[in-house]
Every structure is written in structure tokens, then in C-alpha cells.
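Dear colleague,

I am passing on the structure below, and my notes on it follow. Please read them beside the model.

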Amino acid sequence: MPKPLQPAEPGGWPIGDPDDIGRKPPHSVEAEGALLGAILYSNKAFYNVSDFLQPHHFFHEANGLIYMAVESLIREGKQADVLTLKPMLDGYASFEAAGGF
């Protein structure tokens, strides 16, 4: 059974409250998706970003959850792909609320 996912930071993804400054922080959901796609295509790409990239850096919470699951699988020496991610993310309320697979 896969380990349950936990946010890297207590309290979730600390991107700040966009209403505090009247606008959203800079972000690109498309770039986040491209990065995750590259990692899923070649798990070796994970090591190019793993030293500095954390799940809470993602603007879209679902992308942060996917990255967290990918990181967990790769660090356990397992292949991270759609087939191995789906069981880890199914039923995770935040992921389902963000649209799921």
C-alpha cells in the first residue's frame, strides 16, 4: 500500500493569499504541467529539479500533489508514471477537488 501523501509544509501550500495584494502571484499552470510531463516521460529528469523544487512551489495544488507522489515513488526506487501515480492519488480529497485524473 502506498504511503499517504502529506504536504511538505504544515498547513498546506503557502502561496499566500492573492487578496492580500490584490492580484495572483506569477504562475504558469502550463509550465507546471510540462515539467511534470517531462519527469513522467523520463524519471531521470526529476534529479534536475529535486534539489530546489518542493511541492509547495506549485501554484496549482493538484500539480503539487502529483509532484509529491512522483518524488515519493522515485525516492523509493520505483517507476513514476500514470499507472503508478493513480493508486496513490485516488481518493485524496484535495486532488479530487482539483479535478483528479
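Which residue with a positive phi follows α4? It is G77, with a phi near 80°. Before going further, please note that this is a predicted model, in which local features need pLDDT of at least 70 and side-chain atom pairs count only at pLDDT 80 or more, while totals for chains, interfaces and linings use all residues. Residues are numbered from 1 along each chain as its sequence is written, and side-chain values use heavy atoms, with hydrogens and water left out.

Helix α4 covers residues 61-75 (helices are DSSP runs of H or I with at least four residues, numbered from the N terminus). Its 15 residues reach 21 Å from first C-alpha to last, close to the 21 Å expected at 1.5 Å a residue, where the expected span is 1.5 Å times one less than the number of residues. Of these 15 residues, 13 are buried (under 20% relative accessible area, with exposed meaning over 50% and partly exposed in between, for a 1.4 Å probe and protein chains only).

A search of the whole structure gives three salt bridges, each defined as a side-chain nitrogen of Lys or Arg within 4 Å of a carboxyl oxygen of Asp or Glu. Within α4, E71 and R75 lie four residues apart, about one turn of the helix, and their side chains meet at 3.4 Å, N to O; E71 counts as buried, at 15% relative accessibility. E76 pairs with K78 at 3.2 Å, and here E76 is partly exposed at 35%, as K78 is at 46%. D90 and K86 form a salt bridge at 3.1 Å, with D90 partly exposed at 39% and K86 partly exposed at 37%.

With best regards

Notes
Helix = DSSP H or I, 4+ residues; strand = E, 2+ residues; numbered from the N terminus.
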